[in-house]
Amino acid sequence: MTAVRRAVIDVGTNSVKLLVADVAGRDVRPVLEESRQTRLGKGFYETHRLQPEPIARTAEAVGEFAEIAREKNASALRVIATSAARDAVNPADLTNAIERASGLKTEIISGAREADWAFRGVATDAELASHPLLLLDAGGGSTEFILGHGAKKNFAHSFPLGTVRLLEKFPHGDPPAKAEFAVGRDWVKNFFRNEIRPLLEPALRREQAAGDVWLVGTGGTTSILARMENRLNRYDREKIESTVLTLDQVVAHRKKLWSLPLAERKEIPGLPKLRADVILTGVLIYEAVMEEFGFDELRISTRGLRFAAVMEP
């Protein structure tokens with residue numbers, strides 16, 4: 001099968017990401033990956049109105065990424081937008097700004113589509129496709145939980161639990177106070193018990209009765225935790241995806257991160273400086289799922305939403 005070069009620009013609540021890849025069926029070979037934090041969700045969650053400055057930053061990033069994709073000779077280029085865009089009362093302000101900056105229409109995808117694509121993208125990894133998985137895709141505004149094996153999904157749901165959303169819901173000092181940490185942690189734990197467990201647990205227990213289920217994280221938080229664990233100051237897909245974090249390691253990272261002021265977090269090897277704030281809430285989500293559902297290990301995928309989106313013509 002002849003490979004076709006395609007590109008997708010993913011407009012998230014925290015960042016805009018570009019994937020240019022050569023695609024042949026389910027074989028996705030990245031040519032270029034870029035990410036720019038534009039914090040589209042900043043100031044969003046009180047009114048659910050996207051703010052002018054984050055919209056402008058986001059549209060500018062999309063315009064620049066579109067130009068890069070064209071320079072890389074992508075024959076097809078699509079723009080997708082997720083949680084903040086679909087929850088907004090003024091999505092047209094964003095989509096119109098993106099069209100002016102890039103000449104491209106924006107597809108605002110549902111939570112169900114986001115979950116489906118996240119799982120399909122991760123399943124382009126043959127090892128993960130061969131094993132039962134509980135996949136978490138923790139973004140800035142939402143987290144998708146998908147349970148399945150290979151092409152078969154037994155549970156998929158998008159929850160309003162995201163790193164930027166939590167950061168805005170629970171502001172903290174610098175460094176965070178112990179009481180501020182406790183409030184955020186307790187809210188996340190209660191959300192898992194009251195909102196997530198009743199929906200997920202029956203399907204998870206059925207899957208676990210048939211064999212071992214791996215917990216897999218995709219998205220910025222888990223890639224950063226792997227980079228921190230390996231002290232990687234540059235992106236290395238092979239090393240990130242070969243990392244398996246234990247619960248003890250996740251807890252140790254959480255304790256360190258929540259004990260330091262922002263300036264010191266920015267100096268941690270492997271932690272990108274612009275992610276040194278949202279990593280606090282991201283690590284809470286993964287610690288909570290491991291503790292709530294009894295997972296001792298967390299595997300990491302750098303694939304996901306964009307890998308599935310770029311496979312579709």
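Visitor: In this predicted model, which residue in β5 does Val79 stand opposite?
Guide: Strands of a sheet pair through backbone hydrogen bonds, and such pairing can be either parallel or antiparallel. In this predicted model, β4 and β5 run parallel and are joined by 3 bridges. Within β5, the residue that stands opposite Val79 is Thr106.

Visitor: What is the order of the strands in the open sheet of 5 strands, which has mixed pairing?
Guide: The pairing in this open sheet is mixed, and its 5 strands follow the order β3-β2-β1-β4-β5. The two strands that pair on one side only are β3, residues 27–37, and β5, residues 106–108, and these form the edges. From one strand to the next the twist averages 25 degrees. Reading across the sheet, then, the order is β3-β2-β1-β4-β5.

Visitor: Which elements do the buried residues of α1 pack against?
Guide: Helix α1 has 20 residues and reaches 29 Å from its first C-alpha to its last, close to the 28 Å expected at 1.5 Å a residue. Among its buried residues are Pro54, Ile55, Val62 and Phe65, and just after the helix Asn73 takes a positive phi of about 65 degrees. The elements that the buried residues of α1 pack against are β1, β2, β3, β4 and α3.

Visitor: Which strands are at the edges of the open sheet of 6 strands?
Guide: The order of this open sheet is β8-β7-β6-β9-β11-β10, and its pairing is mixed. Neighbouring strands are turned by 25 degrees against each other on average, with direction ignored. Each edge strand pairs on one side only, and these strands are β8 (152–159) and β10 (244–246).

Visitor: In β9, which residue is the bridge partner of Asp137?
Guide: Strand β6, residues 133–138, and strand β9, residues 214–218, pair in the parallel sense over 5 bridges. In β9, the bridge partner of Asp137 is Thr218.

Visitor: At about what angle does helix α7 run to β8?
Guide: Helix α7, residues 178–209, lies across β6, β7 and β8. Helix α8, residues 220–230, also packs on the sheet, where it touches β9, β10 and β11, and its direction makes about 105 degrees with that of β11. For α7 and β8, the angle is about 175 degrees.

Visitor: Is the crossing of α7 and α12 left-handed or right-handed?
Guide: The axes of α7 and α12 (residues 279–293) come within 8 Å and cross at roughly 50 degrees. That angle makes α7 oblique to α12. As for its handedness, the crossing of α7 and α12 is right-handed.

Note on methods: Residues numbered from 1 in each chain as written. Predicted model: local features only at pLDDT ≥ 70, side-chain atom pairs only at ≥ 80, totals over all residues. Heavy atoms only, no water. Pairing = 2+ DSSP bridges. Helix = DSSP H or I, 4+ residues; strand = E, 2+ residues; numbered from the N terminus. Axes fitted to C-alpha atoms, helices over the stretch in contact; angles between N-to-C directions. Contact = heavy atoms within 4.5 Å. Parallel < 35°, antiparallel > 145°, perpendicular 65-115°, else oblique. Left-handed = near helix turned anticlockwise from the far one by under 90°. Expected span 1.5 Å × (residues − 1). Buried < 20%, exposed > 50% of the residue type's maximum accessible area, 1.4 Å probe, protein only.
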